Structure formats: structure tokens, C-alpha cells
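Visitor: Please take me through one part of this structure slowly. I would like to see where the two chains meet, and then what lies around that place.

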Amino acid sequence: MNLVLVGVNHKTAPLELREKLGCLFPEPTAAYHRLKELTAIQEVLFYSTCNRVEILCVSDQADHAAQELRTFLSRHPHLPDTPGQPAINLNDSLYVWQDLEAVQHFFRVAASLDALVVGEPQILGQVKAAYRQAAEHRATGAILNRLLHKTFSVAKKVRTETGIGDHAVSVSYAAVNLGRKIFGAYTDKTVLLLGAGEMAELALEHLKGQGVGKIVVANRTLERGVKLAQRFHGEAISLQELEDQLLTADIILSSTGSPHYLLTQEQVRNAMRRRKQRPLFLIDIAVPRDLDPKINDLDNVYLYNIDDLQGVVELNWQKRRAAAVKAERLIQAEALKFMDWLATLAVFPTIIALKEKAARLSEAELKKTLAQLGNLTPQQRRALEVLLQSFTQKLLHDPIMFLKRHHHLAAQADRKRAHLELGLVRRLFNLDPETPT
Amino acid sequence: MNHFLIYPTLVPYYGASALWLAFFLTGRESYCRFGLFCLSLGFGCHSLYLIWRTLTLGMLPAAALGEALFLFAWALAAAFLFLSWRFPIKILGAMVAPLAALLVSASLILPIRPGTASPLLQSLWLAGHIILAILGNAALTLAGLGGAFYLIQERQLKKKKFGFFYRRLPSLDRLDALNFWCLNLGFPLLTAAIITGSLYAQYTLGNLWRWDPKEVLTLVAWLIYAVLLHERLAVGWRGRRAAWLAIFGLTALVVTFVGANLWFDSYHSFASFMKQP
């Protein structure tokens, strides 16, 4: 049994190619129907996201299966030539991984090490959804089921043990994380947005996702503010009301094009007294700055400007890269473990065949002997049966243990040799009489 | 102090310490859960031992420094367990468990009481005074530890330098709430301890207040906490100032607890507990 993984990702293929290959699978039922028709494939799973299109399969003829999948992918109607565009060469973009490499690659994908933004967690959900789909179409079997479950636990382990996703690597998300260390939770907190820039919107999106209580938008032109407020179910005010809003807001996100400071230290100091020192988190992503940097010196007030946040992000990138190195090591170990399991799987048919052959032979010999011996008491019959049984069991014990233990170890060291040994055992006991020796 | 219940107390306390430190380093939730279990186990044995000893002595064992520390470790564990039930701040365990373990160890090393205690100490009223004081101290110790955590976390957020502690410590809001919670718990207990003590002094010694060093220092600590509570409720003090005051208060309490008992000549000192009237 071999594992084969074929696919393209953002590193090997341009977007046009990924788009087109992704279009092969708009209708999973049809796609699985076609995939299951391929002769060399026993189990199959595909998944396509914006960064990758990959097919993972179990096959007993690995090279043949890879070839079939390659043809399957290249059979796309638009692929060879789009008028006005140079032909895309699929062969250069396609990668084929087998066995250990395939498992490692799959683990890396699910743990988000192969992603465009390393450590972002969405991919695991996508793989889970793809697995659900494959299972619904009965495309997976014992091996892929086990591999997928292992994959989910490996991805979780990577997440908890390396902390790869713990550090925000975008400015807006970094701001959201900082706020969480100030407020704990965002529920019942009020966000005041000054100006309606793009980055502010993004941060607002994140905050909304955290379940922030109330949103207020203050803009120079009220009309634009009203529009944004409507989008986030908030309330729009004019910039003149800023000082009153200082009393109720908990988070202020500023990104106006104002050439001078909108808030001075004195204003915030007064507001803090009136708001009984409830903490205030200010994010200033405007250039030039909207908020007086001296505001940060006040008690219970936390001011972050764009450089502060970028500093946090850069630092988090370093941490994430370090975590990724740790994760790679973990994945390698887990992939080896999985291959060990797969190797033991290979010996089971042989063990079963051995046992069956022994049972068949002893039954036939027993019948012959019983016919010759004539009448026997039930005890005597039983004694003969037990004799045969224990003899064959003891005789087979060593070969079976050899297969279970030795093969397992040999598979780790040298897969080819392990395969040859398995073949030798089968020939020794003549388990495949139809194949010529 | 030697008894079959001592080790079942001490071993789980050390186990809990190790687990909580592991939790602190790795951030794995399961360590923290086992830590809580260990601490509860140790606390159960601790309580049983205290009951046994109180019954055999006929009074609360608090007449020597070792005994007082042993009792305080118990109160600290009690306050922490109560807190984890109502207001869990997991990381606090990394301070409380080792502290409890060390206090119990210290009480084992310290000399046992040199003689029989004054019969004045054998009153139920006084036992109440001691229990109130020690539980109040424990709650206010947690407030002080929370204050230290707050200052560390606040400094990182202000300086925008995120170190080892940033991820491991809870949010400022939560640490500040801990301060308030423990103050609400500890301050009334401390007040009640002072009142019961004064009444007992009036009853046995003839006057409410003797300006004894321990009384004065306790009053200082009490005033610090009174200011903190007042400012919190009236002016809305919070955060850094509240954390600093909680730490000052804790310092005053430590000086009171250890200092007044050992350094000053006071009728509250352990030496005078041994005097016969």
C-alpha cells in the first residue's frame, strides 16, 4: 500500500492555473465519481483552497496512480491553451509526493506550515470539510481515515505545543490581541472610530468578530460616517462631539487625515477623571498622527501608534518562524510514526494467509487420519485436534513474530529490503501459488 | 510537629507547585487542573491535621511562629481555593502553591513551642480573632500578589515590550478585578479581627487598645487598605495605584506578622504567649 499526493500550490503554480484546477471540483459528487473510476486508486481525498489544489490517494501501484491523477488534472477543458494567453505547463507546476513525503506534506498543509501566511488556522477547517465530503462519497477507507484523524491531532498538537498561531501577524489583529490583554473580553465595550480609513475598517471587522458591544463612527463628513456606521450597525456622530464620546468609549481607533492632533494629553486627562479611570485603549494608525503621543503617559490609558503595532507584528513574525521550525520537527516524527503503522499494515495479509493455510492443511490431515483410525472416543478425537492445533501454532509462532517485529524494524531502516523479505516469506510458505517463482 | 498527616499535606503542596510551574512555563491547561486537584488534596489533609491538633491542644495552634506560619499556609490555600471557585485566575496558583509548600516546610523546621501556652490563649473568642486575622491576611496576600502581576503586565503594555510574562499573565482588567475582590474579602475580615481582638483585650486585660507594636502596625495596614477601598469606591482608583497600595498593604502585613512577633517586645509576640499570667 502506498500513499500518493499530487497537487499544485501557491509556490509552484500561478493563480490562473490554481483557479482552473480548482474549477475541476465544483461539484464534489461528479469529481469523486470520476476519481473513484481510476483503476489504480483505492482511497482518495481532494481539497482545493485559494492557495492549493491537491489530491491524496492510497494505491498499490503508486506510479500508475500518480500518472492517472496527472491525466485527471490535465484533462481540464481550458487547460492546454486559452486564447491570448501562453499555455500553462502543468508538468512544471505539479508535484508528486509518495509515502513518507506525502504524509509529511499533508501534515504540513493541515498544520498550516505550507501556507502563504504560515500559522493561519483556516486551512485545518478546510481540510476537515474536505474529509467530511470525501467520507460522504465513501471515497476514504481504513488508511485515509486513520491518516486524517492523525492529521487533526498533529495539527492540534502543533498549535498547542509550538504556539504557532498565538502571535498576531497583521496590524489590525495585533491591535485586537493587545486590547484583549487590557480588557479581557470585548463584550460590553464601546469602540469609537475616528475617520473611516481602510485599515480602520479591517480592525473594526476584527473587533466585531470579538463581539464588541457598541460601535460609534465619527467622521469629518457625516455622510460617509453614517454609511460605515450602518454597515456595522453602529451610530454616527460628528467630530465636534469627540470630547463627550471620550467619556463612554473604551477603544478609540483613529485614522483621519487630520494634519494636527485630534486629542491632546490634557483632554484625555480630564476625560479620565470624569470616567473614573476606566481604562482607555487608543489605536492611532494615522500618518501624521491624530493622537498626542504624550497621552500614553497617563494612567490607565494605552496608546499604540502604527509603528508600535508594526513592531509587535515584526516580533510576532520572528516568534512564528521559530515556532514553525519546532513544528517541522514534530511533524517529521509524527509522519515516521504513521509510516510505521502503515508498514505493519502490509504484513497482516501475509499473517492471515499463513494462519489460513495452516488451518486448511491441519483440517485435511485430521480428516484423513480420523478415517484411518476408525472409532474413537470424543476425548481421543479432542486430543488429536488439540495436538494439531498446538503444533501448528507453535510452528507458526516464530515466522509471525518475525513478520510483526522484524518487518516493522526493517521498514524503518530500509523499505525496499522489508518488501523483499515479506516476499520471501510468502514464497517460502508458497502463499501465492499462482505467481511463478 | 510530626504527624502522619504532615506528609500527605506537604507532598501534594509540592506536587501542586511543580504542576503550576509547569503550567506557567508551557501553558498547558491539564497541568493547572491537576495542580488544583493536588492543592485541594493537600488542603484537605492540612485541615484534618489542624482539627486534630486543635482538639489535642485544646486551643488553636498559633502560639509559636511555626504554628502561625502553618496556620497561615492553610488560610492562603483556603483563600485561593475559594477564589478559584468563584473567580479563577489560574496563574495565581504558580505563586500560591509554592508559597504554601514553603510555609509548611518552614513551620516544620522552626522549633516547636517551648512550653505550655498562657491559659489566656485558650479562649474560643480568641480563636475567632486569630482565624479572622489569618484569613484576612491570606485574602490580602492574594491582592498583593495580584498587584505584582498587574504591575508587570501593565509595564509591558505601556513600554510596548512584550516579554516572557505577557502571554502568561491574564488581562489587566481581570487582575484589577482580583484586587477589588480580595480587598472586599480581606478588609472586612481584617476589621472584624481588630474588633474581636479589642473586645477580648477589654474583657481580659482591661483596655481596648494598648498601642502595642502589633496593634499599631496592623492599624497602619488597615489604614492603607481603608484608603484603597475608599478611593476605589469614591474616586474610581484602579490599576497601577490600586496595585501599588495592595503591595504596600501586604508589606505592612508581613512586617506586622513576622516583625511584631519577633523583633518587638509586645504582648502579641510569641515569647509572651508562653508567659504564665
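This is a predicted model: local features need pLDDT of at least 70, side-chain atom pairs count only at pLDDT 80 or more; totals for chains, interfaces and linings use all residues.

Guide: Chain B and chain A bury about 2000 Å² between them. Of that area, 45% is on carbon and sulfur atoms. The contact draws 24 residues from chain B and 26 residues from chain A. On the chain B side, three residues lose the most area to chain A: Lys158(B), Lys160(B) and Arg238(B). Together they make up 30% of what that side buries.

Now look for charges that pair up. Four salt bridges are found across the interface of chain B and chain A. Find Lys160(B) again. Lys160(B) forms a salt bridge with Asp308(A). Their closest N and O atoms are 2.8 Å apart.

Helix H5 of chain B covers residues 124-159, and helix H9 of chain B covers residues 239-262. Their axes come within 8 Å and cross at roughly 140°. Because of that angle, H5(B) counts as oblique to H9(B). H5(B) passes H9(B) in a left-handed crossing. Several residues make the contact. From H5(B) they include Ile134(B), Leu140(B), Leu151(B) and Glu154(B). From H9(B) they include Arg240(B), Trp244(B), Ile247(B) and Phe257(B). By class, the residues of this contact divide into 14 nonpolar, five polar and two charged.

Chain B has another crossing to look at. Helix H3 of chain B (residues 65-86) and helix H7 of chain B (residues 172-204) have axes that come within 12 Å and cross at roughly 125°. That angle makes H3(B) oblique to H7(B). The crossing of H3(B) and H7(B) is right-handed. Here Phe82(B), Leu83(B) and Arg86(B) of H3(B) meet Leu178(B), Trp181(B), Cys182(B) and Leu185(B) of H7(B). The contact of H3(B) with H7(B) has six nonpolar residues, no polar ones and one charged.

Finish in chain A, with two details of the backbone. Val287(A) and Pro288(A) are joined by a cis peptide bond, with omega about 0°. Pro288(A) sits in the loop between strand S9 (280-284) and strand S10 (301-305) of chain A. The other detail is at Ser112(A). Its phi is near 65°, a positive value in a residue other than glycine. Ser112(A) lies in the loop between helix H5 (99-110) and helix H6 (122-136) of chain A.

How values were computed
Residues are numbered from 1 along each chain as its sequence is written. Chains are lettered from A and ligands numbered from 1 in the order in which they are written. Side-chain values use heavy atoms; hydrogens and water are left out. Axes are lines fitted to C-alpha atoms, for helices over the stretch in contact, and angles run from 0 to 180 degrees between N-to-C directions. Helices (H or I, at least four residues) and strands (E, at least two) are DSSP runs, numbered from the N terminus. Angles under 35 degrees count as roughly parallel, over 145 as roughly antiparallel, 65 to 115 as roughly perpendicular and the rest as oblique. A crossing is left-handed if the near helix is turned anticlockwise from the far one by less than a right angle, and right-handed if clockwise. Contact means heavy atoms within 4.5 Å. Ala, Val, Leu, Ile, Met, Phe, Trp, Tyr, Cys and Pro count as nonpolar, Asp, Glu, Lys and Arg as charged, and the others, Gly among them, as polar. Buried area is the accessible area (1.4 Å probe) that two parts lose on being put together, summed over both. A salt bridge is a side-chain nitrogen of Lys or Arg within 4 Å of a carboxyl oxygen of Asp or Glu.
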